[in-house]
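Open the structure in your viewer and keep the sequence beside it. This tour tells you what to select at each stop and what is there.

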Amino acid sequence: MDYSLSTSSFTTLLSFPILFLVLAITLFSFIQSHKNVKQYPLPPGPRPWPIVGCLPAMLRNKPAYRWIHNLMKEMNSEIACIRLGNIHVIPVTCPNIACEFLKAQDDVFSSRPQTISSYLASNGYLSAVLSPFGDQWKKMKLVLATHVLSPRRHQWLHKKRVEEADNLVRLVYKQCQESNQEGMVNLRFTSQHYCANVIKKLMFNKRYFGVGMENGGPGFEDEQYVDALFTILNHLFSFCVSDFLSFLTWLDLDGHEEVMREKDRIIRKYHDPIIDDRIQQWKDGKKKDIEDLLDVLITLNDDNGNPLLSRDEIRAQVEVRKVVLAENGLRFISFSTGKRGCMAVTLGSAMTNMLFARLLQGFSWSLPSNEPSIDLSTAGDSMALAKPLLAAAKPRLPAHLYPE
Ligand code: HEM
């Protein structure tokens, strides 16, 4: 699927009578659903319209995830089938049934859907995370398992992770001392930047793309970068009409394509010069020591001694990570499980544990004086809290133990 061709698909669309298109789609869906395969009953779900399926109801009831949850509650079912366009979407709310899909039947379900946002975020499905099942996925998975996420590499990167955990504590400590802030900490901002800082340090051996703040916090460039990262994450697998009715792609009805392209441009603005410069340094022989994961990726060779990864594959690999947290039974923090489960459970857990451990070891936390309780209501368009969590931090260790 080439999403860069949306203007030309528009021209093509206009050159055919719309009626023909509608008939062709109907016929295609009919043939698809009557292929010579044994038919098993589908899980329960709302009655779909011809062609569009349940898309109209879904569009009327945004956010989609809440509509689906309510529907399943009404049907009193932990599994459902919702037809969107001619695709059957099967939501599951029970961890045991989820394991059936992700572990017991993972051969059947080990591909990933082709969506506009995953296409753009993975540089055309070059990375391991979002790619459909196939040779590219296998290649990138092997590279990650052997060279990036191996236990030996994890150990090698220990010092860099500690540096960023120290920086996190330093930042919160400074915020406690800044008299105008009264120790008030925006925990969403702090944890998002901590995660991004760890990844930047492991990948590029640097904390800031711009000039950081004096208190250890991010400057304009890094705020812009982290905002772009998390906007992209929020759009991955989020509901987008044209993912189900591809002839509407050129209209970009949900505006996802525009957002994704804009944020991807920002990410590239910061990544590309560093990647290009580093590739050149290795080519010119100016760089000799492997100091971070970018060096690791650049210096990998195939059996003939040629670079194993192209520039675009390196760029795709240096990419966004999910921060949606369940354990192996999928009941709590989720790294998912089975063939497509997270490859970086050790790194992801180290980052999450270190974040909690350092914040709890270094500080006592209380609610802001004007907030009697934590508002747990979720945002309209995602499952994140509607308002970032604010809390007052108070140092609880002797002053000399806080990093300078
Ligand atoms: C707290 C941090 C993290 C969480 C909660 C997390 C969670 C997940 C989840 C839920 C998936 C499954 C996605 C799907 O079903 O398509 C996944 C896949 C993946 N994750 Fe993570 N992840 C985290 C950090 C990381 C990091 C730091 C890396 C690498 C540096 C990473 C590498 C991957 C890869 C390569 C896959 C794709 C595996 C495949 O499709 O074969 N993750 N992660």
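**Stop 1: Confidence**

Select residues 4-30: pLDDT stays under 50 over this stretch, pLDDT being the predictor's confidence in each residue, from 0 to 100. The model has 15 contacts beyond four places in sequence for residues 4-30. Two residues are in contact if their C-beta atoms, placed from the backbone, lie within 7 Å.

This is a predicted model, in which local features need pLDDT of at least 70 and side-chain atom pairs count only at pLDDT 80 or more, while totals for chains, interfaces and linings use all residues. Numbering starts from 1 along each chain as its sequence is written.

Now select residues 320-327. Here too pLDDT stays under 50, and the model has 17 contacts beyond four places in sequence. Where pLDDT is low, the predicted coordinates should not be read in detail.

Zoom out to the whole protein. Its average pLDDT is 86, and 87% of the residues score at least 70. Colour by element next: there are 15 helices and 5 strands. Helices (H or I, at least four residues) and strands (E, at least two) are DSSP runs, numbered from the N terminus. Among these elements, helix H1 (residues 6-15) has the lowest mean pLDDT, 33. Helix H13 (residues 293-298) has the highest, 97.

How many of the 404 residues count as buried? The share is 26%. A residue is buried if 20 or more other C-beta atoms lie within 10 Å of its own, exposed if 12 or fewer, and partly exposed in between, with C-beta atoms placed from the backbone.

**Stop 2: The sheet**

Select S3, S4 and S5. They form an open sheet of 3 strands in the order S3-S5-S4, with antiparallel pairing. S3 and S4 stand at the edges; each has a single partner strand, so one side of each is left without a neighbour in the sheet. Neighbouring strands are turned by 45 degrees against each other on average, direction ignored.

Look at the pairings one by one. Two strands pair if DSSP finds at least two bridges between them. Strand S3 (residues 184-186) and strand S5 (residues 390-395) are joined by 3 bridges. Pick methionine 184: its bridge partner in S5 is alanine 392.

Then move to strand S4 (residues 363-366), joined to S5 by 4 bridges. Tryptophan 365 has alanine 393 as its bridge partner in S5. For phenylalanine 363, the bridge partner in S5 is proline 395.

**Stop 3: Two packed helices**

Axes are lines fitted to C-alpha atoms, for helices over the stretch in contact, and angles run from 0 to 180 degrees between N-to-C directions.

Show the side chains where they meet. On H9, select Arg161, Ala165, Leu168, Val169 and Val172. On H15, select Ala350, Met354, Arg358, Leu359 and Gly362. By class, the contact has 7 nonpolar, 1 polar and 2 charged residues. Ala, Val, Leu, Ile, Met, Phe, Trp, Tyr, Cys and Pro count as nonpolar, Asp, Glu, Lys and Arg as charged, and the others, Gly among them, as polar.

**Stop 4: Loops**

Go to proline 63, in the loop between helix H3 (55-60) and helix H4 (64-75). The peptide bond from lysine 62 to proline 63 is cis, with omega near 0 degrees.

Next, select asparagine 123, in the loop between helix H6 (116-121) and helix H7 (135-148). Its phi is near 60 degrees, a positive value in a residue other than glycine. Asparagine 123 is partly exposed, with 19 other C-beta atoms within 10 Å.

Proline 132 also sits between H6 and H7. Which residues does proline 132 touch, not counting those up to four places away in sequence? They are Ser111, Arg112, Gln114, Tyr125 and Trp137.

Jump to serine 336, in the loop between helix H14 (311-317) and H15. Serine 336 has a positive phi of about 60 degrees, although it is not a glycine.

End at proline 398, in the segment after S5. Is proline 398 buried or exposed? Proline 398 is exposed, because 7 other C-beta atoms lie within 10 Å.
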